[in-house]
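Q: I would like to learn how to read helix packing and charged pairs in a model of this kind. Could we go through the features one at a time?

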Amino acid sequence: MKIITEQDAYFLVALNASEESSLIELKWEFEKWDHGSIDVTNIIESLINDGTILLSERDGDSFSDYSISNALVKVENWSNSESWSTILFLTEAGDRRWEIDD
């Protein structure tokens, strides 16, 4: 397994959010890499807190966005996720940041 840096981990979270991936897909993505002592939960939380990403719950054809506080609670156990219905997405600010940093 290839070792990734903290910057790589930030990129992987943002990339998955840009693709509106589910939490289980994010979990699978990080299982491919040796992220050692990198606290991925902290990375997800920081991106939520700075307004870059948020979570939404898929219910059929509709979505219900989590509040920031509820999203922070949900991501505490993201690595145990078995659900396809909770997705990460880039906020408008995250979209702008993604285009600039890309």
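This is a predicted model: local features need pLDDT of at least 70, side-chain atom pairs count only at pLDDT 80 or more; totals for chains, interfaces and linings use all residues.

Q: How many residues apart in sequence are Gln7 and Arg97, and how far apart are they in space?

A: Gln7 and Arg97 are separated by 90 residues in sequence, while their C-alpha atoms lie 15 Å apart in space.

Q: At what angle do helix α1 and helix α2 pack, and how far apart are their axes?

A: Two packed helices are described by the angle between their axes and the distance between the axes. Here helix α1, residues 6-18, and helix α2, residues 23-31, pack at an angle of about 150 degrees, and their axes are 10 Å apart. Because angles over 145 degrees count as roughly antiparallel, α1 is roughly antiparallel to α2. The crossing in which α1 passes α2 is right-handed.

Q: Which residues make the contact of α1 with α2, and how do they divide into nonpolar, polar and charged?

A: From α1 the contact draws on Ala9, Leu12, Val13 and Asn16, and from α2 on Glu25, Leu26, Glu29 and Phe30. By class, the residues of this contact of α1 with α2 are five nonpolar, one polar and two charged.

Q: Which residues of α2 are buried, and what covers them?

A: The buried residues of α2 are Leu23, Ile24, Leu26, Lys27, Glu29 and Phe30. What covers these buried residues of α2 includes α1, α3, β1, α4 and β3.

Q: With which residue does the side chain of Lys32 meet in a salt bridge?

A: The side chain of Lys32 meets that of Glu29 in a salt bridge, at 3.5 Å from N to O. Lys32 is exposed, with a relative accessible area of 52%, while Glu29 counts as buried at 17% relative accessibility. Glu29 is also one of the α2 residues that make the contact with α1.

Q: Where in the chain do Arg97 and Asp50 lie?

A: The side chains of Arg97 and Asp50 meet in a salt bridge, 3.1 Å from N to O. Arg97 belongs to helix α5 (residues 92-101) and Asp50 to the loop between α3 (40-49) and β1 (53-59), so that the pair links distant parts of the chain, 47 residues apart. Arg97 is partly exposed, with a relative accessible area of 37%, and Asp50, at 44%, counts as partly exposed.

Q: At what angle do α3 and α4 pack, and which residues make their contact?

A: α3 and α4 pack at an angle of about 170 degrees, with their axes 10 Å apart, and they are therefore roughly antiparallel to each other. Thr41, Ile44, Glu45, Ile48 and Asn49 of α3 make the contact with Ile68, Ala71, Leu72 and Val75 of α4. By class, six residues of this contact are nonpolar, two are polar and one is charged.

Definitions and conventions. Residues are numbered from 1 along each chain as its sequence is written. Side-chain values use heavy atoms; hydrogens and water are left out. Axes are lines fitted to C-alpha atoms, for helices over the stretch in contact, and angles run from 0 to 180 degrees between N-to-C directions. Helices (H or I, at least four residues) and strands (E, at least two) are DSSP runs, numbered from the N terminus. Angles under 35 degrees count as roughly parallel, over 145 as roughly antiparallel, 65 to 115 as roughly perpendicular and the rest as oblique. A crossing is left-handed if the near helix is turned anticlockwise from the far one by less than a right angle, and right-handed if clockwise. Contact means heavy atoms within 4.5 Å. Ala, Val, Leu, Ile, Met, Phe, Trp, Tyr, Cys and Pro count as nonpolar, Asp, Glu, Lys and Arg as charged, and the others, Gly among them, as polar. A salt bridge is a side-chain nitrogen of Lys or Arg within 4 Å of a carboxyl oxygen of Asp or Glu. Buried means under 20% relative accessible area, exposed over 50%, partly exposed in between (1.4 Å probe, protein chains only).
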